[in-house]
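Please work through each task before reading its solution.

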Amino acid sequence: MDIEPGELTVGQLSQRSGVAISALHFYERQGLILSRRTSGNQRRYKRDTLRRVALVRIAQRVGVPLAEVAAILKLLPEKRTPTRADWERISECWQAELDRRILHLEQLRDDFKDCVGCGCLSLDRCALANPYDALAAKGPGPRRLMDNDGEPCHPGSCDPEKCA
């Protein structure tokens, strides 16, 4: 069977990860995971590939583009199993981006029910919070959800010096 200790076949990787074999082949073509080929040209994956696949699935679930996932995974060592420190390092790499995404999701969930300062003036609260679209002078976009630098914030939670 040409399998070394600690290796998985594509079927075993699929079964354990819950990802279809066709998706694993796609991940490999995209450079997200690596395999070695046996003398019979069968794929063999190191067991730590399970963690990489888990990262890809979680990232996809929250809308992180595969290109971003691939860039992060390239920071992991190829010649050895990644350590906890390796995983911590790559987690820190996208901490700020994930925090921004979380804030955007919170804004959609919590703040969009009220006037966001986008200039549409379609809610009865807009006339009070943004009369005559006065926030247009601060720039484009939902000004009550952004600071003056265009960074996202919740209404009332930003630094007053930086918010519209």
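**Exercise 1.** Determine which ring the charged end of arginine 51 sits over.

Solution. The charged end of arginine 51 lies over the ring of tryptophan 87, 5.0 Å from the ring centre. The criterion requires NZ of Lys or CZ of Arg within 6 Å of the ring centre and within 35 degrees of the ring normal.

The model is predicted: local features need pLDDT of at least 70, side-chain atom pairs count only at pLDDT 80 or more, and totals for chains, interfaces and linings use all residues. Residues are numbered from 1 along each chain as its sequence is written, and side-chain values use heavy atoms, with hydrogens and water left out.

**Exercise 2.** Count the aromatic pairs and classify the geometry.

Solution. Rings of Phe, Tyr and Trp (its six-membered ring) pair if their centres lie within 6.5 Å; planes under 30 degrees apart count as stacked, over 60 as edge-to-face and the rest as tilted. The count is one aromatic pair. Phenylalanine 26 and tyrosine 27 have ring centres 6.5 Å apart and planes at 55°, so this pair is tilted. For accessibility, buried means under 20% relative accessible area, exposed over 50%, and partly exposed in between (1.4 Å probe, protein chains only). Phenylalanine 26, at 31%, is partly exposed, whereas tyrosine 27, at 5%, is buried.
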